[in-house]
Amino acid sequence: MVRWLSAKLGPTVTSRTIARNLLRLLTSCYVGPHKHQFVLSGNKNCPFDKNVYQKRLVVGDQVSKAVLDCLMHVAHLYGEPVLTYQYLPYISYLVSPSSGGRLNSRKEAALLAAVSVMQRIIVYLSDTTLMDILPKINQEVLLPILGFLTSPTTSFPSGSQARIALCVKSCNFIVLICLRIGTEMAQQHLNETLQMFFSTFSLLQQARDQGLKSEVSSCTEPLLVELHCLDGTVLPVDLSVLGELEKVYNPEMAHTTYIPLSFVIGNGAMQRIVPNHELLWKMTTEHQESITPSTSEPYNHDPALFSPSLSPPYPTHEADNQCGTFGSVLVGNRIQVPDNIQPERGSLTALNAGADIFPAGYNDNTLKQDLPRSAHMLCGNWLAYWQYEIGVSQHEAHFHFHQIKLQSFVGHSGSIKSVVPLNGEDFFLSGSKDKTVRLWPLYNYGDGMREIEARLTYAEHRKTVFYVGQLEAVQHMVSCDGAVHVWDQFTGKTISTYEPADSKTPITAVATMPSPYHSVTCGSADSVLRFIDHRKPGLQHEFKLASNMNAGLIRYLAVSPSGRSVVAGYSSGFIVLLDTRTGLILRGWPAHEGDILHMKVKVDAAEGNIVVSSSSDHSLTIWKELEQKPVHQYKSISDPIHAFDLYGNEIVTGTVANKIGIYSLLDPLTRPNSTTKLSSENFRGTLTSLAVLPTKRLLLLGAENGIIRLLA
């Protein structure tokens, strides 16, 4: 369901609602001490005996697998920017230092979740992107995690097991980065990280030399003492944390972390980078001797003399004049690709086609996996719009128009008279002067310059199509050119048609009833409102409006969201409100001094039904259904507002001067009115119709040249 929705909703809605909440959910997968227990594997004693990079899973990893799979699916759909612009900043936020320097169970789980998702992200980053953001990963992710992990004053709520899990995961993460970028780049960029990672082994040794012993605190206050380091610095140490650190940074952990990092960095480089390498080697050999037969020879600190159980299953990187550079070999000042290519520790491909890199059951068989080229991958204007949208609050109430062109829909040969998005906002309908109705897809394609063709064309009309809509209850399409057509959106076949009995009183306005109703209401030149049901022959209801006055032609119809009332706007500026349940006219009033051009009805919990109308007298007026005076009235100085749509408590308007306006629906003081002139680069022709996509926060604009634009 999540994967289907991710493709259906588009990049912005998916990132704001799905990906954002999946990232939040990820932390919950690691909350609790039982989530930090390691899952049993085949080799308990020496997990790195054969593989340099072998992930040791904890119970939380099994819980989070479905969440991570969905997150990576979103990245597959919309490309690498999802990883770098949304996931990575959120991970940086997760691992940022907490106030007071203390950890709670959520923060502890967040650290484990951050490492887990970063291990997935690194695999899918391209070489160029990885090197570009490596300093950011190091400074904003790795070092903050290590700051918590190695802190002698910060205790983990779940105790030493959570710290052990984080330590092993962090080591795996560093090894993965080293394997991706190669030995030389790792030596250049990860010096500080490696020194910080292994510093706690020396800190504990110095604490033992100075006679510091762990104590269990009976109160919440830390038992702080000063530790005088060999370099002259003085570090505060919490004695209650000291015991936790001793359970983590023991000979087994030295063996688990130092051996694989020595393989990928190089033994000589580790001796230069890590000051306490002698201590680490001593602890490593101590643990190795404890798990091997007593007849084993003493270990020499030389990679060439490693015992069989410590020797790497692939060539060492300590060649005299060669170093890994993304899988190539650097000889002097030139890059040489050898004829007999052998996989090295720093290469991008997995050993034996990946069989020995990832444990059984893991989907990714290589250290680097390219994201598939999706038709919906973000680039160009779509990427710029998406980057802005993911920074906007999910509860943002205002409509922001940036004039970013996202797509063009080409196919009509005449002026666009009506556009309306369908439920779900993945398709929309358009009616044109060329006597056709077209169904268009609303998925993101290309970089904003792509022209999209219609998915289906309905060509059964004989005149200009001035109305298109949808019967929500049965998902049928409704269109009108003076005769009402009901047709199937999947096959394009006509289901029923209705033509007025008298050709002298043509249908001038149409509206569809909301679900669960199946009716279509239409107003004719004789000021009669008729209801038709495509399932039944003839008329369902017929009501005479404005019988005692010369109100003119019915120009526009609007139905309330509940379907209980219909508002009719006349060419004289008169508006009539009809109760659909009783057929009684609730109210009629002279609202404008010119033709009614457009109307909408909105339900407000506090105010009841609100009617919005625009007229050729340049006014945009907001009414309460049963009140005589308008709530607000706006005046357009240059041109009348001939098209508008509602977004929350705002009105988005369009004029023939190609100006987009945003007005407040209830309180003008909450936001000043704004007007934007469409540039000729983004919109050519004269604006004739407009529709808002409220979920995606986009605008559909139809022009007299037959082209429809999607703008943000």
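Which residue lies over the face of Trp589? Arg587 does, at 3.7 Å from the ring centre. A charge is taken to sit over a ring if NZ of Lys or CZ of Arg is within 6 Å of the ring centre and within 35 degrees of the ring normal. Likewise, the charged end of Arg56 is placed over the ring of Phe38, 4.2 Å from its centre.

The model is predicted, with local features needing pLDDT of at least 70, side-chain atom pairs counting only at pLDDT 80 or more, and totals for chains, interfaces and linings using all residues. Residues are numbered from 1 along each chain as its sequence is written, and side-chain values use heavy atoms, with hydrogens and water left out.

Rings of Phe, Tyr and Trp (its six-membered ring) were paired if their centres lie within 6.5 Å, with planes under 30 degrees apart counted as stacked, over 60 as edge-to-face and the rest as tilted. This rule gives 16 aromatic pairs. In one of them, the ring centres of Phe198 and Tyr258 are 5.9 Å apart and the planes stand at 80°, so the pair is edge-to-face. Phe198 belongs to helix 9 (residues 191-209) and Tyr258 to helix 11 (residues 251-265), so the pair ties together parts that are 60 residues apart in sequence. Helices (H or I, at least four residues) and strands (E, at least two) are DSSP runs numbered from the N terminus. Both Phe198 and Tyr258 are buried (under 20% relative accessible area, where exposed is over 50% and partly exposed in between; 1.4 Å probe, protein chains only). Phe198 and Tyr258 also belong to one aromatic cluster with Phe197, Phe201, Tyr249 and Trp281.
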